[in-house]
Amino acid sequence: PSRPTAFLVVQTLGGMIVNVPIRRYWNLLARYLRPQWRLASLLAVLLAATIALELVGPQILRAFIDSAQSGGTLERLSEAALLFLGVAVLTQAVSLVETYVAETVGWTATNRLRADLALHCLRLDPSFHNRRTPGELIERIDGDVSALANYFSRFVIHVIGNAILLLGVLALLYRVDWRVGLTATVFAAVTSLAMLRMYVLALPLWTSVRQASALFFGAIGEVLAGTEDIRSCGGTEFILRRFAERLRQWAPLLLKATFAGQAVWMVALTLFALANAASLALGTSLLRHGSITIGTVYLIFQYVDLLNRPIGEIQGQIQD
């Protein structure tokens, strides 16, 4: 089709227009993940285990710090330290297996999609191939599909899993103190809305980059296929000039899109730093008033810092 039809639903969110590709994307995901439902289920279990271990780790350290502060026995401190080390090692092991399974699912799904796209192109009318160069088709079938690997392997599971992690952290912070929970909730909401708004601005730029990339590799494919004819006709300088023109078209688009993506990340880093500073300030204030222990101050800081990961991964999934 001459126009993309993937984005089906448009709704207003916080005063901005957001494309929400629900049915079309879901059908695409289901088609290529259904044959791998066992691995996808295993991926969900591994992610749930990782979330649980990440929430338990700071609790163990809080108990260790409070016990050391109150003069706990060396035996009790040693047990807490060994338990924390065991949880940390187990977290890394589960994360390693989760990465392996996710990559397996992603590559299997995208390879099937590449095969389907190649077959679809072969069945199209010759007039289509007259308008498209081989290099452009290779970039669309291989390069564009590679960008979907993360979508197939992690999108639904990670968005849901990180949303659960986000809610779990906020619930535990509310349990410590309602002021801490409220501060973290405001931070999470502001950060998410800010990044979503910036992604709406960056989306057209990245669409242009993918188009320019396809045209560039299409031109390269034409040249490689006709190298002998180009040289025999004395067209080398002409081809080099076309090559430079393609690069001049691609480079500024890529620069703008990359800058937009980095701007999103810099905004997120700034908000994360402000949230960490606010958590330390609030924790110190509560400690001085005797409302919490020094171990709880550490717990608050760790949980607020842990919020960075689900928010960052969710925004990464949105970008992909």
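**Close-up views of a predicted model**

No disulfides turn up in a search of the whole structure, a disulfide being a pair of cysteine sulfur atoms within 2.5 Å. The views below come from a predicted model, in which local features need pLDDT of at least 70, side-chain atom pairs count only at pLDDT 80 or more, and totals for chains, interfaces and linings use all residues. Residues are numbered from 1 along each chain as its sequence is written, and side-chain values use heavy atoms, with hydrogens and water left out.

**View 1. Confidence along the chain.** The predictor's confidence in each residue is given as pLDDT, from 0 to 100. Its mean over the chain is 78, with 88% of residues at 70 or more. Helix H3 (residues 74–122) has the highest confidence, at 87, while strand E1 (residues 9–13) has the lowest, at a mean of 34. Helices (H or I, at least four residues) and strands (E, at least two) are DSSP runs, numbered from the N terminus. Please read residues 1–20 with care: pLDDT stays under 50 there, and the model has 33 contacts for them beyond four places in sequence. A contact means heavy atoms within 4.5 Å.

View 2. Cys121 counts as buried because its relative accessibility is 10%. Cys233, at 66%, counts as exposed. The cut-offs are under 20% relative accessible area for buried, over 50% for exposed, and in between for partly exposed (1.4 Å probe, protein chains only).

**View 3. Where H1 meets H3.** Helix H1 (residues 23–33) packs against H3 at an angle of about 105°, and their axes lie 9 Å apart. Axes are lines fitted to C-alpha atoms, for helices over the stretch in contact, and angles run from 0 to 180 degrees between N-to-C directions. The two helices are therefore roughly perpendicular, a label for angles of 65 to 115 degrees. From H1, Arg31, Tyr32 and Leu33 meet Val105, Ala109, Arg112, Leu113 and Asp116 of H3. Five of the residues in this contact are nonpolar, three are charged and none is polar.

**View 4. Thr50 and its neighbours.** Look for Thr50 in helix H2. Thr50 is buried, at 8% relative accessibility. Beyond its neighbours within four places in sequence, Thr50 touches Val94, Ser95 and Arg309.

View 5. With a relative accessibility of 24%, Ile65 counts as partly exposed. Apart from neighbours within four places in sequence, Ile65 is in contact with Ile294, Gly295 and Tyr298. Gly295 is 230 residues away from Ile65 in sequence, yet their C-alpha atoms are 5.1 Å apart in space.

How values were computed:
Parallel < 35°, antiparallel > 145°, perpendicular 65-115°, else oblique. Nonpolar A, V, L, I, M, F, W, Y, C, P; charged D, E, K, R; others polar.
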